[in-house]
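Let's take a walk through this model together. Have the sequence and the 3D view open side by side, and follow along.

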Amino acid sequence: FIKNDTAQQSGANLNISGNGFFGGNVGIGTTSPLSKLTVQTSGYGLTHTSGAVTLGTFISTAAGGSGWLGTKSNHPLNFFTNDGLPQMTLDTSGNVGIGTTAPTSRLFVLSGAAGVSAVYGESATGRGVWGKSTSSRGVYGESTSLEGVYGISGSGTGVSGASTSGSGVYGQTAVSSLTAGGVYGKGIGSGSIGVIGESNLDNAVGVFGVTTSPGGVGVYARN
């Protein structure tokens, strides 16, 4: 132990019961600490625990080495700023939530601010947002007030979809409005086209619409 005494304690362990002060760097596992506290070891270095929840740092030497930060116990890992609430969460199943602590998919982004997009992607030459699925939707969007999926391009296609077995782009709406279609396109420039479909194969359809209601319209266009 170390006690508040000017006499040196022969063979003492480090045990400070009151306030302790170190004027220089402290090294654990090293005699040449590079910062205020340096822990030199592979595996777990620092752990912080409440007794039930344990947070730890980990260094692996496999495959060239890597650094880890996470919970040793079976608890989610939250990230926050400004001493506030969690802004990003990694749950125990590997799902990541931004704006939510209960993500239900691999990446779940929730925007609580009106008019603020949950996900925004921008690219100078490639796709802003790209999704791929072998059996379901590559990109899926849902909104109660605005567009579920919205795309804009200065030279190419705002929203593009391709499928080998289903719909390339699919939209659905329950609202009775000429401007609330499942898929809605609007041309705002001279010679521009709101929605365009193209087919270069026999028996293929560029734009196809179907309705099961006697008073419904599969495809509607107006000028």
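Is Phe-58 buried, partly exposed or exposed? Phe-58 has 23% relative accessibility, so it counts as partly exposed. The terms work like this: buried is under 20% relative accessible area, exposed is over 50%, and partly exposed is in between (1.4 Å probe, protein chains only).

Before going further, some ground rules. This is a predicted model in which local features need pLDDT of at least 70 and side-chain atom pairs count only at pLDDT 80 or more, while totals for chains, interfaces and linings use all residues. Residues are numbered from 1 along each chain as its sequence is written, and side-chain values use heavy atoms, with hydrogens and water left out.

Now the overall picture. The chain has zero helices and nine strands, and reading along the sequence gives β-β-β-β-β-β-β-β-β. Helices (H or I, at least four residues) and strands (E, at least two) are DSSP runs, numbered from the N terminus. Of the 223 residues in the chain, 7% are buried.

Three strands make an open sheet in the order E3-E4-E5, with antiparallel pairing. Its edge strands are E3 (43-49) and E5 (66-71), each of which pairs on one side only. From one strand to the next, the twist averages 15°; the axes behind such angles are lines fitted to C-alpha atoms, for helices over the stretch in contact, and angles run from 0 to 180 degrees between N-to-C directions. Two strands count as paired if DSSP finds at least two bridges between them. E3 and E4 run antiparallel and are joined by five bridges. They also form a hairpin with four residues between them, and Gly-51 in the turn has a positive phi of about 110°.

Phe-58 takes part in both pairings. Tyr-44 has Phe-58 as its bridge partner in E4, and Phe-58 in turn has Trp-68 as its bridge partner in E5.

The side chains of these residues are worth a look too. A search of the whole structure turns up two aromatic pairs. Rings of Phe, Tyr and Trp (its six-membered ring) pair if their centres lie within 6.5 Å; planes under 30 degrees apart count as stacked, over 60 as edge-to-face and the rest as tilted. Tyr-44 and Phe-58 are edge-to-face, at 4.9 Å centre to centre with 70° between the planes. Tyr-44 lies in strand E3 and Phe-58 in strand E4, so this pair ties together parts that are 14 residues apart in sequence. Phe-58 and Trp-68 make a tilted pair, at 5.2 Å centre to centre with 50° between the planes. That pair links distant parts of the chain, with Phe-58 in strand E4 and Trp-68 in strand E5, 10 residues apart. Put together, Tyr-44, Phe-58 and Trp-68 form one aromatic cluster. As for its other members, Tyr-44 is at 40% relative accessibility and so counts as partly exposed, whereas Trp-68 is exposed, with a relative accessible area of 52%.

Next comes another open sheet, this one of four strands in the order E6-E7-E8-E9 with mixed pairing. Strand E6 (77-79) and E9 stand at the edges with a single partner strand each, so one side of each is left without a neighbour in the sheet. The twist here averages 15° from one strand to the next. E6 pairs with E7 (residues 88-90) in the antiparallel sense over three bridges, and the bridge partner of Phe-79 in E7 is Met-88.

Finally, follow the chain past the strands. Val-149 sits in the segment after strand E9 (107-109), and at 44% relative accessibility it counts as partly exposed. Val-149 is one of the residues making a nonpolar surface patch of about 800 Å², together with others including Val-119, Val-183 and Val-219. Lys-132 is also placed in the segment after E9, and it is exposed, with a relative accessible area of 66%. Lys-132 and Ala-162 are 30 residues apart in sequence and 9.7 Å apart in space, C-alpha to C-alpha.

A note on the patch terms: patches are made of residues with over 30% relative accessible area and no salt bridge, where like charges are joined within 9 Å and nonpolar side chains (Val, Leu, Ile, Met, Phe, Trp, Tyr) within 5 Å. A salt bridge is a side-chain nitrogen of Lys or Arg within 4 Å of a carboxyl oxygen of Asp or Glu. Accessible areas come from the Shrake-Rupley method with a 1.4 Å probe, and for residues, only the protein chains shown count as cover.
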